[in-house]
Amino acid sequence: MMTVRDLMETEVVTLNSTDNLSLADDIMRLGRIRHLPVVSGKRLVGIVSQRDLFRAAISSVLRLRPKAERDWLLKIHVSEVMTHPVATVAPDSSVRSAATLMIDKQIGCLPVVEGSDLVGLLTESACMRYLCRLLDLSDVKSHLPEVSEPD
């Protein structure tokens, strides 16, 4: 059985709840990251997504210039917009159960925790890469000749 540990990212960029949204925005843009777990030490306390940033950024409504938007985001702490409590998964959970949870909750990633400590992140991209590998194997298998059982 494939487990979350087999697919999870272990080098995870994180935020602290006292960080401002400008930092979160910079990290997401520069790193092309869509989700940032929020930690206190190693303990997971929340998560911030691009969607949370979009909700907090009023620039699209007020037509703020980039400098004004940045000044606005500097005033908002991560703790004000982060999602908490967070749906999480254990490293030894099956990929199937994790993917089902992501589908049911309509979320793009799951922080992986041991106890309350963040140890990784399972993303929908990692799940899609895994699906592609399975489909490749299925294609190869479909072209193999059938082997009959010996009598």
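**From chain to helix**

Author: This is a predicted model. From the N terminus on, the elements of the protein chain follow the order α-β-α-β-β-α-α-α-α-β-β-α, which comes to seven helices and five strands.

Reader: What does the radius of gyration say about how spread out the protein chain is?

Author: The radius of gyration is 20 Å, well over the 15 Å that the globule rule gives for 151 residues, so the protein chain is more spread out than a compact globule. Along its principal axes, the C-alpha trace spans about 75 × 35 × 25 Å.

Reader: What percentage of the 151 residues counts as buried?

Author: Of the 151 residues, 36% count as buried. The accessible surface of the protein chain is about 10100 Å², with 53% of that area belonging to carbon and sulfur atoms. Among contacts with a separation of 6 or more, 58% join residues 24 or more positions apart.

Reader: Turning to helix α7, how many residues does it have, and how far does it reach?

Author: Helix α7 covers residues 124-142, 19 residues in total, and reaches 27 Å from its first C-alpha to its last, close to the 27 Å expected at 1.5 Å a residue.

Reader: Which residues of α7 are buried, and why do they line one face of the helix?

Author: An α-helix has 3.6 residues a turn, so residues three or four places apart point the same way. In α7, the buried residues are A126, C127 and Y130. Viewed down the axis of α7, these buried residues fall within an arc of 100°, so they line one face of the helix.

Reader: Against which elements do the buried residues of α7 pack?

Author: They pack against α1 (4-7), α6 (95-105) and β5 (117-123).

Technical notes:
Residues numbered from 1 in each chain as written. Predicted model: local features only at pLDDT ≥ 70, side-chain atom pairs only at ≥ 80, totals over all residues. Heavy atoms only, no water. Helix = DSSP H or I, 4+ residues; strand = E, 2+ residues; numbered from the N terminus. Expected span 1.5 Å × (residues − 1). Buried < 20%, exposed > 50% of the residue type's maximum accessible area, 1.4 Å probe, protein only. Arc of directions from axis to C-beta. Contact = heavy atoms within 4.5 Å. Rg over C-alpha atoms; globule rule 2.2 N^0.38 Å. Areas by Shrake-Rupley, 256 points an atom, 1.4 Å probe, with all protein chains shown as cover.
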